[in-house]
Amino acid sequence: MNSLQNKLNQLLKSFVEKGPAGCALSVTHHGKTIVEDFVGLADIETQKSIAPDTIYRIYSMTKVVTCTAALMLYEKGLFLLNDPLEEYLPEFKNPHVYRENEKGDIVTVPASRSITVKDLFTMTSGITYPGESNETERQVAKAMHAMQQQEDDGKKMTARGMSKALASIPLAFDPGTRWHYGLNHDVLGAFIEVLSGKSFGQFLHDEIFEPLSMKDTFFRIPSDKKHRLCSVYNRNEEGLLTKNTAMDAHIQQDAAFESGGGGLLSTLGDYSTFAHMLANGGELNGERIIGSRTIKLMASNHLTEENAKNYSWNYLGGYGYGLGVRVMVNPALGGANSSIGEFGWSGLLGTWVLIDPKEKLSAVYMQQMMPNFEAYHQPRLRSVIYGGLE
């Protein structure tokens with residue numbers, strides 16, 4: 001075992017001692033897999049080990065795939081980033097914004113401008129996730145609950161259905177003025193369907209997964225692969241892991257919604273193939289997926305002085321935000337030994353991808369735990385990986 005492999009193996013073992021039941025890591029450099037490691041268990045109850053064919057819920061790592069897919073349509077000249085979104089999704093015409101008036105009442109007023117397509121990529125549209133911190137979040141929560149009830153009554157939720165529901169809710173702020181994590185990339189899924197004339201999942205299959213031989217990446221788990229799905233565990237403060245079985249409605253065969261923001265399942269090998277395609281300038285094994293200049297655009301910092309103030313997870317110090325990805329802009333500020341331009345994202349259950357076209361380096365980490373410990377795990381993985389590069 002070489003020195004980098006050994007250091008990473010020790011790190012992964014330390015993660016499993018205090019965190020997830022099991023985890024996996026793959027590091028690819030200049031087209032060669034230099035580390036592939038599997039530590040711990042995919043299921044505690046059956047003592048099943050994490051293995052190369054283990055399937056994971058990658059949640060928000062789906063976003064990198066969605067934004068890549070949308071940029072493939074950009075390369076066909078089907079839209080421009082600064083186009084008003086309503087040209088493609090008419091439901092977003094004449095957006096309104098929630099404001100608080102001098103009496104403290106919440107009122108709606110016309111937005112200062114249209115949402116642009118780029119606002120969806122960069123999380124600057126004013127569309128939010130469901131929540132409680134502002135009126136938009138509360139209304140999105142209501143809309144999601146209503147859609148869930150319709151699902152229970154047999155009416156399937158679709159990407160376009162969700163887009164229309166979100167378009168009817170006033171925005172949290174004027175488009176372009178703030179960064180706010182939300183359902184933007186789910187709307188991008190509907191946008192891709194309108195432009196491509198295919199279902200979102202079919203487009204991803206035809207244009208990305210099949211050309212790259214990603215046979216285990218999909219929105220719904222096939223019945224003959226269910227036994228390979230990693231279990232999800234909730235960890236309490238004492239470190240006790242309890243199985244979470246409540247997160248899988250959207251991956252069953254009868255589900256219809258394909259979430260561009262968080263719906264995909266994948267394996268370590270499949271997602272590593274996708275990541276290394278991007279690290280390699282958009283081409284892998286003779287298959288050109290996207291242009292290297294478009295990847296450069298994706299991995300540029302698109303935040304402005306005005307909207308960057310709201311982009312704040314402490315462990316992402318030194319990063320800006322590009323077209324759906326974190327982007328390293330100031331390694332000194334982030335205490336990072338990575339390259340300027342290194343980019344990627346992570347997922348709800350602690351999955352993580354790092355892509356560095358400058359070094360032709362990619363790394364993918366998989367686990368399935370809540371809370372996910374991302375602020376502890378991910379910067380340490382980055383430090384050790386870059387420290388071991390020759």
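I started with Asp 186, which is buried yet has no salt bridge. Lys 63, the nearest side chain of opposite charge, is 5.7 Å away. My terms: buried is under 20% relative accessible area (1.4 Å probe, protein chains only). A salt bridge needs a side-chain nitrogen of Lys or Arg within 4 Å of a carboxyl oxygen of Asp or Glu.

This is a predicted model: local features need pLDDT of at least 70, side-chain atom pairs count only at pLDDT 80 or more, and totals for chains, interfaces and linings use all residues. Residues are numbered from 1 along each chain as its sequence is written, and side-chain values use heavy atoms, without hydrogens and water.

I placed Asp 186 in helix 6 (residues 184–196). Leaving out residues up to four places away in sequence, I found that Asp 186 touches Met 162, Phe 257, Ser 259, Gly 260 and Gly 261 (heavy atoms within 4.5 Å).

Next, aromatic rings. I counted pairs of Phe, Tyr and Trp (its six-membered ring) with centres within 6.5 Å; planes under 30 degrees apart are stacked, over 60 edge-to-face, the rest tilted. The count came to 18 aromatic pairs. Trp 179 and Tyr 181 are stacked, at 5.9 Å centre to centre and 10° between the planes. Both Trp 179 and Tyr 181 are buried.

Tyr 321 and Trp 345 pair edge-to-face, at 5.5 Å and 75°. They lie 24 residues apart, Tyr 321 in strand 12 and Trp 345 in strand 14. Tyr 321 counts as buried because its relative accessibility is 0%. Trp 345 also counts as buried, at 4%.

I noted that ring pairs link Tyr 129, Trp 179, Tyr 181, Tyr 311, Trp 313, Tyr 321 and Trp 345 into a cluster.

Key:
Buried < 20%, exposed > 50% of the residue type's maximum accessible area, 1.4 Å probe, protein only. Helix = DSSP H or I, 4+ residues; strand = E, 2+ residues; numbered from the N terminus. Lys, Arg positive; Asp, Glu negative; His and termini not counted.
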